[in-house]
Amino acid sequence: RDHTVALFEKHGMTNLIYWVPQANESNTLVYLLAYPDKAARETSWKAFQADPVWVAAKEASEADGKLITKVESLFLSRTDYSPALPIKAGKAPRLFEMRRYTTLPGKLEALDTRFRDHTVALFAKHGMENLLYFHLDEGQEGSENTLLYFLAHESAESQTASFNAFREDPAWIAARDASEKDGKLLIEKGVASTLLKATDFSPVK
């Protein structure tokens, strides 16, 4: 809030959104940054980490001990059916959802086709806001079988109602059945969902 977000911007990174899970037993912060390309990302981070203002802020914040136990970083590229950046601001604070799908070997393209041709539009039909859809960049674990995407909902109640209506929609059932005529696309328990709320210092809420 007081230092890092502004320093990221100073060094050429675009702050997209900052979240914490709605049920945050693990004390997790989730955020998205954007860069022109991978080389720019490396340049920005080197400059940020060497910035005396950052060094001083980090040391002051850790005067009574470390703040972080683990950092996980994923390099993501938008799918061809993802909405464009920037993320649109909402009229009121929203509930966000991060969903990660893991496909069976060789099935990611079929899953993309189903989302491109059917799922994205059906989500919107049932009151869900499509924010961003990503693939993991090559070389990362799961890059060949992972779809990671973000939705926005008016509330927890609307999230439940929207998905219930979506799952019962004959158009979805037909699209799902057609896409799986040669077998399932996802591994067993291949959908992971995390409900998120924006932090007070997030550019988008």
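This briefing describes the fold of one protein chain and then some of its residues.

The structure is a predicted model, in which local features need pLDDT of at least 70 and side-chain atom pairs count only at pLDDT 80 or more, while totals for chains, interfaces and linings use all residues. Residues are numbered from 1 along each chain as its sequence is written, and side-chain values use heavy atoms, with hydrogens and water left out. The protein chain has six helices and seven strands. Helices (H or I, at least four residues) and strands (E, at least two) are DSSP runs, numbered from the N terminus.

**Overall layout**

- Starting at the N terminus, the order of elements in the protein chain is α-β-β-α-α-β-β-α-β-β-α-α-β.
- The C-alpha trace of the protein chain spans about 60 × 35 × 30 Å along its principal axes.
- The protein chain has 205 residues, of which 39% count as buried. Buried means under 20% relative accessible area, exposed means over 50%, and partly exposed lies in between (1.4 Å probe, protein chains only).
- Among contacts in the protein chain with a separation of 6 or more, 73% are between residues 24 or more positions apart. Contact means heavy atoms within 4.5 Å.

**The sheet**

- Seven strands form an open sheet in the order E2-E1-E7-E4-E6-E5-E3, with antiparallel pairing. Two strands pair if DSSP finds at least two bridges between them.
- Strand E2 (30-34) and strand E3 (76-78) are at the edges with a single partner strand each, so one side of each has no neighbour in the sheet.
- On average, neighbouring strands of this sheet are turned by 35° against each other, direction ignored. Axes are lines fitted to C-alpha atoms, for helices over the stretch in contact, and angles run from 0 to 180 degrees between N-to-C directions.
- Strand E1 (residues 14-21) pairs with E2 in the antiparallel sense over five bridges. Tryptophan 19 has valine 30 in E2 as its bridge partner.

- E4 and E6 run antiparallel and are joined by eight bridges. The bridge partner of leucine 95 is histidine 153 in E6.
- Strand E5 (residues 129-136) also runs antiparallel to E6, and six bridges join these two strands. Glutamate 129 has alanine 152 in E6 as its bridge partner.

**Helices H5 and H6**

- Helix H5 (residues 156-168) and helix H6 (residues 170-179) have axes that come within 5 Å and cross at roughly 60°.
- H5 and H6 are therefore oblique to each other. Angles under 35 degrees count as roughly parallel, over 145 as roughly antiparallel, 65 to 115 as roughly perpendicular and the rest as oblique.
- Phe166, Arg167 and Glu168 of H5 make the contact with Pro170, Trp172 and Ile173 of H6.
- H5 lies across strand E4 (95-103), strand E6 (146-153) and strand E7 (186-198), and runs at about 40° to E4.

**Serine 162 in H5**

- Serine 162 is in helix H5, and at 8% relative accessibility this residue counts as buried.
- The side chain of serine 162 reaches the backbone oxygen of histidine 126 at 2.7 Å.
- Not counting residues up to four places away in sequence, serine 162 touches His126, Gly127 and Met128.

**Leucine 186 in E7**

- Leucine 186 is in strand E7.
- Apart from neighbours within four places in sequence, leucine 186 has contacts including Tyr101, Leu111 and Val191.

**Backbone details**

- The peptide bond from leucine 85 to proline 86 is cis, with omega near 0°. Proline 86 is in the loop between E3 and E4.
- Asparagine 27 is in the loop between E1 and E2. Its phi is near 55°, a positive value in a residue other than glycine, and asparagine 27 counts as exposed at 69% relative accessibility.
- Lysine 189, in strand E7, has a positive phi of about 55° although it is not a glycine. At 79% relative accessibility, lysine 189 counts as exposed.

Methods: A polar contact is a pair of N or O atoms within 3.5 Å; within protein, one must be able to donate a hydrogen and the other to accept it, and residues adjacent in sequence count only if both atoms are side-chain atoms.
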